[in-house]
Amino acid sequence: MGNKTKSTLLYNLNLALPYIKKEKKMIIVEGYKDVWRCWEAGVKNVVAIMGNIVTEDQIRLIMKYSYFNVVLALDNDKGGRDGILKLKEELRFLCRIQIIQIPENRKDLGECTIEEVRLVLNV
């Protein structure tokens, strides 16, 4: 990988890409544990921005691979809400955006049960 940092990549993109192509949408979460829980629930078109703020490099990857359909499932805290606002602002004219509400008693998808993940992601 050379000198690429997490701010220039989308975690799990290499494994998620066939599923993103099939579903014609990309689900974006904050961290790797959220990705893992989604995979356990059978949801595989998911990538992580590794934080709550998206970078220009990540925006380019989202636009290149998302088929202009993005589902935002960031953490259920102030940082996650701020991240959603920033992503909505960055992507508002570029793609369709769906926002997923994490259950109030959970911080993120990584803390959800498999059943909760399937329910909130509608699978």
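Trp-39 has a relative accessible area of 26%, so this residue is partly exposed (buried means under 20% relative accessible area, exposed over 50%, partly exposed in between; 1.4 Å probe, protein chains only). The model is predicted: local features need pLDDT of at least 70, side-chain atom pairs count only at pLDDT 80 or more, and totals for chains, interfaces and linings use all residues. Residues are numbered from 1 along each chain as its sequence is written, and side-chain values use heavy atoms, without hydrogens and water.

**Aromatic contacts**

The structure holds three aromatic pairs (ring centres of Phe, Tyr or Trp, its six-membered ring, within 6.5 Å; planes under 30 degrees apart are stacked, over 60 edge-to-face, the rest tilted). Tyr-19 and Trp-39 are edge-to-face, because their ring centres lie 5.7 Å apart and their planes meet at 80°. This pair links distant parts of the chain, 20 residues apart.

| Residue | Element | Relative accessibility |
|---|---|---|
| Tyr-19 | helix 1 (residues 13-23) | 34% |
| Trp-39 | helix 2 (residues 32-40) | 26% |

Ring pairs also link Tyr-11, Tyr-32 and Trp-36 into a cluster.

**Strand 3**

Helices (H or I, at least four residues) and strands (E, at least two) are DSSP runs, numbered from the N terminus. Strand 3 (residues 69-72) points Asn-69 and Val-71 one way, Val-70 and Leu-72 the other. All four are buried. In a regular strand the side chains alternate between the two faces of the sheet.

Strand 3 runs parallel to strand 1 (residues 26-29), joined by three bridges (strands pair if DSSP finds at least two bridges between them). Four bridges join strand 3 to strand 4 (residues 96-99), also parallel. Val-70 is the bridge partner of Met-26, and Ile-97 in strand 4 is the bridge partner of Val-70.
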